[in-house]
Amino acid sequence: MTDHQAPIGQNDTPGIPRYAGIATYALLPTLDSVAHADVAVLGIPFDAGTSFRPGARFGPSHIREASRQLHPYHQTHDVSLFAVHQVVDAGDLGVSPYSIDEAVATIEREADTFAANGTRLIALGGDHTIALPLLRAVAKRQGPVAVIHFDAHLDTWDTLHGAPVWHGSPFRRAAEEGLLDLGRCVHVGLRGGVYDRSELEADEALGFQVVRADDYERQSVDTIIERIRRRVQGGPVYLSVDIDVLDPAHAPGTGTPEVAGLTTRELFTTLRGLTGLGIVGADLVEVAPAYDHAQLTGLAAAHTVWEILGVMAHDAEHA
């Protein structure tokens, strides 16, 4: 984008209230209405990799609907999110609901196109399977990246029911493919039971460090932010946020809920502490609206994406 091309921001057509019209994310312009997009919010309505409750394929539209009330100015970062660079809603990818392999190939191919055009993606899932092809596209241009993985679960498991790629395996497959800088990766928010200690040992062998949900009770959020920053600094960073990192009281609409999770305040404060790290892409996954109540999960997800955009806008303004 040249200096004389000011970014197009939210739709503020006089006389049209926020609840009317087509719901793009945060009422942003569509991809086809701009000459170039610096950041694109892209829906990926895919949940064939789900192991428990299905329905995350309907997540993108639910998140968009809940994003109507989002405003452009971020008080903490002191930045107008949509004025420093061009952010758009790129719509939804058409992916196969029947073949995981075909869907993953489609996502990677389309993500490659955005990357080639210099556009960073924030993907709206869909289940966590989508992280693998997104990381493939990022790593082709950035090399191995650090991952900050917000989730109740490891997602470094192996093959399940004959499927090597599913929503519990994206970071194992990404590690095996050399997409990750494993000396700089961290899980945040882990909790709950596992089948066997070997699962934790296998994850540790891959090189991930862990910030558990319990750590938020024992340490300040500032301390946890510093732990994350020390771990991932030194190169490009990818953010992957499973909405089930939040306690079901804050986000009930997800496929594999785990009690005793983070609050929205803890998650957002942590995200706000990630400025200056060089975020090259992100995803927000596992929103399943059939299990939501009063749009709680949709709102939490929409605002989580807004917080990620806040970090990106802060960094763009201070570049």
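Which residues is I107 in contact with, leaving aside its neighbours within four places in sequence? The first legend answers this for the predicted model.

Figure 1. I107 lies in helix α2. Leaving aside neighbours within four places in sequence, I107 is in contact with I44, L93, V95, I130, P133 and L134. I107 has a relative accessible area of 2%. Buried means under 20%, so I107 counts as buried. One of the contacts, I44, is 63 residues away along the chain. The C-alpha atoms of I107 and I44 are separated by 8.0 Å.

**Figure 2. The open sheet of 8 strands.** The strand order is β4-β1-β5-β10-β9-β6-β7-β8. The pairing is parallel. Strands β4 and β8 (209–212) form the edges, and each pairs on one side only. On average, neighbouring strands of this sheet are turned by 15 degrees against each other, direction ignored. Helix α2 (residues 100–116) packs on the sheet and touches β1, β4 and β5. The direction of α2 makes about 170 degrees with that of β1. Strands of a sheet pair through backbone hydrogen bonds, either parallel or antiparallel.

**Figure 3. Strand β1 and its two partners.** Strand β1 covers residues 39–44. On one side is β4 (residues 87–92), parallel to β1 and joined to it by 4 bridges. G43 has D92 as its bridge partner in β4. Strand β5 also pairs with β1 in the parallel sense, over 6 bridges. Here V39 stands opposite R120 of β5.

**Figure 4. Both faces of β1.** In a regular strand the side chains alternate between the two faces of the sheet. V39, V41 and G43 point one way from β1. A40, L42 and I44 point the other way. 6 of the 6 residues of β1 are buried, so the strand is largely enclosed by the rest of the structure.

**Figure 5. The largest nonpolar core.** In soluble globular proteins, nonpolar side chains tend to be buried together. The largest nonpolar core of this model has 52 residues. Y25, I148, F150, L239 and L309 have the most contacts inside it. Helix α9 (residues 296–317) gives the most to this core, with 10 residues. A second, separate core has 39 residues, including A40, F114, A137 and V285.

**Figure 6. I148 and the β6–β9 pair.** Residues up to four places away in sequence are not counted here. I148 touches V186, V188, I228, V232, V237, Y238, L239, S240, L274 and L277. Strands β6 and β9 pair in the parallel sense over 5 bridges. At one of these, V147 has Y238 of β9 as its bridge partner.

**Figure 7. The buried side of helix α8.** Helix α8 spans residues 264–272. Its buried residues are E266, L267, F268, T270 and L271. These residues pack against β6 (146–150), α6 (215–218), α7 (221–232), β9 and α9. An α-helix has 3.6 residues a turn, so residues three or four places apart point the same way.

Figure 8. D242 lies in strand β9 (residues 237–242). D242 is buried yet has no salt bridge. How far away is the nearest side chain of opposite charge? That side chain is R191, at 8.1 Å. Leaving out residues up to four places away in sequence, D242 touches H128, F150, D151, T254, V285 and E286.

Figure 9. Most residues other than glycine have a negative phi, and most peptide bonds are trans. A cis peptide bond joins G125 and G126, with omega about 15 degrees. G126 lies in the loop between β5 (120–125) and α3 (131–142). D78 is not a glycine, but has a positive phi of about 55 degrees. D78 is placed in the loop between β2 (73–74) and β3 (79–80). A294 also has a positive phi, near 55 degrees, and is a residue other than glycine. The loop that holds A294 runs between β10 (279–285) and α9. Is A294 buried or exposed? Its relative accessibility is 61%, so A294 counts as exposed.

Methods
Residues numbered from 1 in each chain as written. Predicted model: local features only at pLDDT ≥ 70, side-chain atom pairs only at ≥ 80, totals over all residues. Heavy atoms only, no water. Core = buried A, V, L, I, M, F, W, Y, C linked by side-chain atoms within 4.5 Å. Buried < 20%, exposed > 50% of the residue type's maximum accessible area, 1.4 Å probe, protein only. Helix = DSSP H or I, 4+ residues; strand = E, 2+ residues; numbered from the N terminus. Contact = heavy atoms within 4.5 Å. Lys, Arg positive; Asp, Glu negative; His and termini not counted. Salt bridge = Lys/Arg side-chain N within 4 Å of Asp/Glu carboxyl O. Pairing = 2+ DSSP bridges. Axes fitted to C-alpha atoms, helices over the stretch in contact; angles between N-to-C directions.
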